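Please examine the structure shown below before reading on. The explanation is written to be followed with the model in view.

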Amino acid sequence: MGTVTNGNLYALVEARMPRDRQRCAIETPDGLYYTWDDLERATAKLANLLRSLRLPLGARVAVQTEKSPEALMLYLATLRAGYVFLPLNTAYQAAEIDYFLADAQPSLVVCSPQNAHWIEPLARRRRVAHLLTLDGARGGTLIEAGAPESDRFDTVRREPDDLAAILYTSGTTGRSKGAMLTHGNMTSNALVLQAYWGWRRGDEPGGDVLLHALPIFHVHGLFVASHGALVNGSKMIWLPRFDLAEVLRQLPRSTVFMGVPTMYVRLADAPGLDRELVRNMRLFVSGSAPLLVETHRQFEQRTGHRILERYGMSETVMLTSNPYDGERRPGTVGFALPGVSVRVVDEHGMRCAPEQIGAIEVEGPNVFKGYWRMPEKTREEFTADGFFRTGDLGKFDARGYLSIVGRSKDLIISGGYNVYPKEIEGFIDEMPGVAESAVIGVPHRDFGEAVTAVVVPRPGAELDEAAIIAELRARIAGFKVPKRVHIVDELPRNSMGKVQKNMLREQFGR
Ligand code: MLC
Ligand code: AMP
């Protein structure tokens, strides 16, 4: 493997492909099979197509499509061509998509053919120059337009500091902000994780095979999982979604699996899961939300495997990890990854002693460049000495393991998806007959936390739980819709007039 002088992340992927490019890179359960050569040539065609559209330098390519090998290739082609990838959750509806188009001003939108009828008018209104469709291997205008293009493309030179992707995430304000990640952020993190988690090269005997069941519009599935296999020359078994029966079917053929805690809760309860089924597995990784100690234990009893829990964010990719070789401690997220600094500080910015809870701040080559077109917000989120304030609360134990004990940001994590109470409250408060609302997360066995709304009617108004849920379902992504809506006369407030969400969580969390 020669030295890679081009800072483009794709240049690293290219340099680390197996020597024999006829080996399998991606396989799907319905029998599709893509070699590394296919990957190289298909991404070249798409990169040539993107170039032919004459998108301006730094153009954003916004993508909301179903998961398919072609969707991953579009991501890689965007990197190759030097543009900026902007993935969007497939559950997002018109109001949500419109916000991202207005804010990110992409030059190209790629969507599923069945959504083009409502995305096209939004894109036109937001002056997006191009709209193409992608429907996996079945095609779409993207694949048609790319077909006549050359299958050779010189990966565009990028510096480590150049933008590679924008991931929308939200803070305390509830307004989504685009976290700008650079080629350098992702390259450094991919290489660190490759070494830390002991990845075994795909073209060596006993090489790793990744079972990929995560969505590819967030850090976990798109970066941590895919990059892990891609920079390792490892095959991926590519599932369109997390389907428990399919995961169980594919586990004997896999060595690495990454999932959110909900997936482990479901796996640990699955009748077919036993040591024999996971006999070839080397590593199970969990992240994106807290993994309950109980799930960790139950999974170990069933499989003999201790899940490796790690911690990260859209703004920082991965920050900490339990050790691969040392003790994996349930309820903790392990140690700072090599090159990453993690500190826990009190309200005066002083480092906390072991076991003392404080704010988690981080620094390293993986930490993002800032929020898209929000320089002030970016400044606020960094300390004077350059650490990023994660909004998570944690503590180190005496042995240096970090635990996440809460969040200073008002955020619910449901099945690994982030839900911002302010956003949902905004939609509920607009409904006729609503005086005010508070959205909270309550413990949920499957999703970890379940979105729950507490709503106060205007005097004389009658509100109905089912009607509120139905109206929200028509407007926002399904995972954000409260599982329950409680109608109450008033919300508990403290002496400053602030709603006391902890009291609501106690009252409605049982
Ligand atoms: C689906 N539904 C959810 C939900 N997912 N509700 C609450 N929370 C969720 N997470 C709802 C749907 O709206 C639908 O509702 C119903 O459940 C069935 O939908 P589905 O798509 O069939 O659900 P299912 O396949 O069971 O999805 C569960 C899941 C999925 C866990 C597989 O949520 C998932 O893939 N989560 C992964 C999220 C992820 O990748 N996070 C990484 C973020 S990166 P209805 O009412 O319409 O029927 C990050 C950084 C880091 O955080 O550290 O990694
Ligand atoms: P996102 O904005 O989707 O990138 O979500 C990042 C947030 O997920 C972090 O700030 C944490 O609050 C949470 N998170 C990620 N991994 C873990 C973990 N292992 N344990 C607890 N919380 C986690």
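Predicted model: local features only at pLDDT ≥ 70, side-chain atom pairs only at ≥ 80, totals over all residues.

Residues are numbered from 1 along each chain as its sequence is written, chains are lettered from A and ligands numbered from 1 in the order in which they are written, and side-chain values use heavy atoms, with hydrogens and water left out.

We begin with the chain as a whole. Its secondary structure consists of 15 helices and 25 strands; these are DSSP runs numbered from the N terminus, with helices (H or I) of at least four residues and strands (E) of at least two. The C-alpha trace spans about 70 × 55 × 50 Å along its principal axes. The radius of gyration is 23 Å, which agrees with the value near 24 Å that a compact globule of 510 residues would have. This radius is taken over C-alpha atoms, and the globule rule is 2.2 Å times the number of residues to the power 0.38.

How much of the chain is buried? Buried residues account for 58% of the 510 residues, where buried means under 20% relative accessible area, exposed means over 50%, and partly exposed lies in between, for a 1.4 Å probe and protein chains only. The accessible surface of the chain is about 21,300 Å², and carbon and sulfur atoms hold 50% of that area. Such areas come from the Shrake-Rupley method with a 1.4 Å probe, and for residues only the protein chains shown count as cover.

Of the contacts between residues at least 6 apart in sequence, 65% join residues at least 24 apart; a contact means heavy atoms within 4.5 Å. The chain carries 61 positive and 61 negative side chains, and the centres of the two sets lie 2 Å apart. Here Lys and Arg count as positive and Asp and Glu as negative, whereas His and the chain ends are not counted. Each charge is placed at NZ of Lys, CZ of Arg, CG of Asp or CD of Glu.

The assignment gives domain 1 (36–184), domain 2 (242–407) and domain 3 (411–508), with bounds that come from an automatic or database domain assignment. The centres of domain 1 and domain 3, taken over C-alpha atoms, are separated by 33 Å. Their contact takes 12 residues from domain 1 and 13 residues from domain 3.

Individual residues may now be considered, starting with two arginines. Arg127 lies in the loop between α5 (116–125) and β6 (130–133), and Arg373 in the loop between β18 (370–371) and α12 (375–381). Arg127 has a positive phi near 55 degrees, in a residue other than glycine; for Arg373, phi is near 50 degrees, also a positive value in a residue other than glycine. Arg127 counts as exposed because its relative accessibility is 75%, and Arg373 is exposed with a relative accessible area of 51%.

Asn115, in the loop between β5 (108–111) and α5, counts as buried at 16% relative accessibility. Asn115 and Ala94 are 21 residues apart in sequence, and their C-alpha atoms are 9.9 Å apart in space.

Leu211 belongs to strand β9 (residues 209–212) and is buried, with a relative accessible area of 1%. Leaving aside neighbours within four places in sequence, Leu211 is in contact with several residues, among them Ile237, Leu239, Val247 and Leu251. Leu251 is also touched by Val278, a residue in the loop between α10 and β12 (283–286). Val278 is buried, with a relative accessible area of 2%.

Thr262 lies in helix α10 (residues 261–269) and counts as buried at 7% relative accessibility. Which residues does Thr262 touch, not counting residues up to four places away in sequence? They are Gly415, Asp446 and Phe447. Thr295, in helix α11 (residues 293–303), is buried with a relative accessible area of 3%. With residues up to four places away in sequence again not counted, Thr295 touches Tyr264 and Val265.
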